[in-house]
Amino acid sequence: MKKYYGTKKLKLSYDLPFKMFLTSICDDNTMVLKGFLESYLKKEVRTIELLPNELNTIFGKSKNIRLDLFVKINDEEYVDIEMQKQITWEVLGKRSRYYASVIITHLVQQGTAYTEMMPLHQIFLLDCNVIDDLDYYHCFEMSEKNRDIVLTDKVKVHMIELRKSTTNVQDYCTLDKPLQWAILFNEYVYGTTNQRLLKMMQSCAEFRKAEDVMEAIFNDEDFLSRAFGEEKRKADIIAFTTEARKIGKAEERLKMTLKMLDHGMDVNLISETTGLKCEEILKLQSDIKS
């Protein structure tokens, strides 16, 4: 296994490499995604249809969403696959609910009756630990809390915590296929190559094909340039949005402070309410009087 992705400093957790890797066609005319989905969904994947990943929402002020990868398999189930970086358990739960609601609403808008809605799987590949136990994989569905009664299994949320996949593992070749896939992703995200992983890769034709795809991706200079450019663009947007929010909050605090001063409120109370220092408020008060 070559360390090309380590030297390029481009991770599989980045959007373009992630999508390219999973949707690339191997020499047997199948997508890398096929083996991954079969391992976690426990079924044969005969067909994979790539679907538009930008979905509009009709929910008031809610923003539209861009899924990492959205597919239909066997013409009977939908799968949303997301690579999540540095996310909390609370935010992950909210994101999962929101994405599912937008996807289902999108399908209904296209004419699908809710009684005919196909099953939806959400698969979150996590580059951080969010659940306080040692298991790397969890699958959630809607069920009764204290008894084994499932209300519906038509919406399932799969969470794969990559960093836990190699914990206390001695022989990768004897593991089940889902865990092997998690270890493979862990390697491509973190570059943690070792002899046990190399042996696993060599023992499985499916993983050898995945490695060939990975090597081709990370030796394509044009693709790397686009991928780096996309990551920089996203980072710039985040930085601009963060700064804009700070400015917006500062303006709101100033307006609130002026209003409270106009009503003759105590400086300490204004400071406690707005977060501004008393010295800043007193200076502002002085500037108003002058």
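A nonpolar patch joins residues with over 30% relative accessible area and no salt bridge, their nonpolar side chains lying within 5 Å. Keep that in mind for the first exercise. The model is predicted.

**Exercise 1. Which residues form a nonpolar patch on the surface, and what is their accessible area together?**

Solution. Step one: find the members. They are L254, L258 and I288. Step two: take the area. Together the three have about 250 Å² of accessible area. I288 sits in helix α10, residues 278-289.

**Exercise 2. Which residues touch the most other members of the largest nonpolar core?**

Solution. Step one: size the core. It has 48 residues. Step two: name the residues. F21, F36, L37, I81 and F185 touch the most other members. Step three: find the main contributor. Helix α5 (residues 177-190) gives the most, with 8 residues. Step four: look at F185. Leaving out residues up to four places away in sequence, F185 touches L12, F18, F21, L22, F36, M83, L125 and L162. Step five: look elsewhere. Another core, of 12 residues, lies apart from this one and includes L55, L67, A100 and L120.

**Exercise 3. Is E77 buried or exposed?**

Solution. Step one: locate E77. It belongs to strand β5, residues 77-84. Step two: apply the cut-off. Buried means under 20% relative accessible area. E77 has 6%, so E77 is buried. Step three: list its contacts. Beyond four places in sequence, E77 touches K43, V71, K72, M118, P119 and H121. Step four: check a distance.

Technical notes:
Residues are numbered from 1 along each chain as its sequence is written. This is a predicted model: local features need pLDDT of at least 70, side-chain atom pairs count only at pLDDT 80 or more; totals for chains, interfaces and linings use all residues. Side-chain values use heavy atoms; hydrogens and water are left out. A nonpolar core is a set of buried Ala, Val, Leu, Ile, Met, Phe, Trp, Tyr and Cys residues joined through side-chain atoms within 4.5 Å. Buried means under 20% relative accessible area, exposed over 50%, partly exposed in between (1.4 Å probe, protein chains only). Helices (H or I, at least four residues) and strands (E, at least two) are DSSP runs, numbered from the N terminus. Contact means heavy atoms within 4.5 Å. Patches are made of residues with over 30% relative accessible area and no salt bridge: like charges are joined within 9 Å, nonpolar side chains (Val, Leu, Ile, Met, Phe, Trp, Tyr) within 5 Å. Accessible areas come from the Shrake-Rupley method with a 1.4 Å probe; for residues, only the protein chains shown count as cover. A salt bridge is a side-chain nitrogen of Lys or Arg within 4 Å of a carboxyl oxygen of Asp or Glu.
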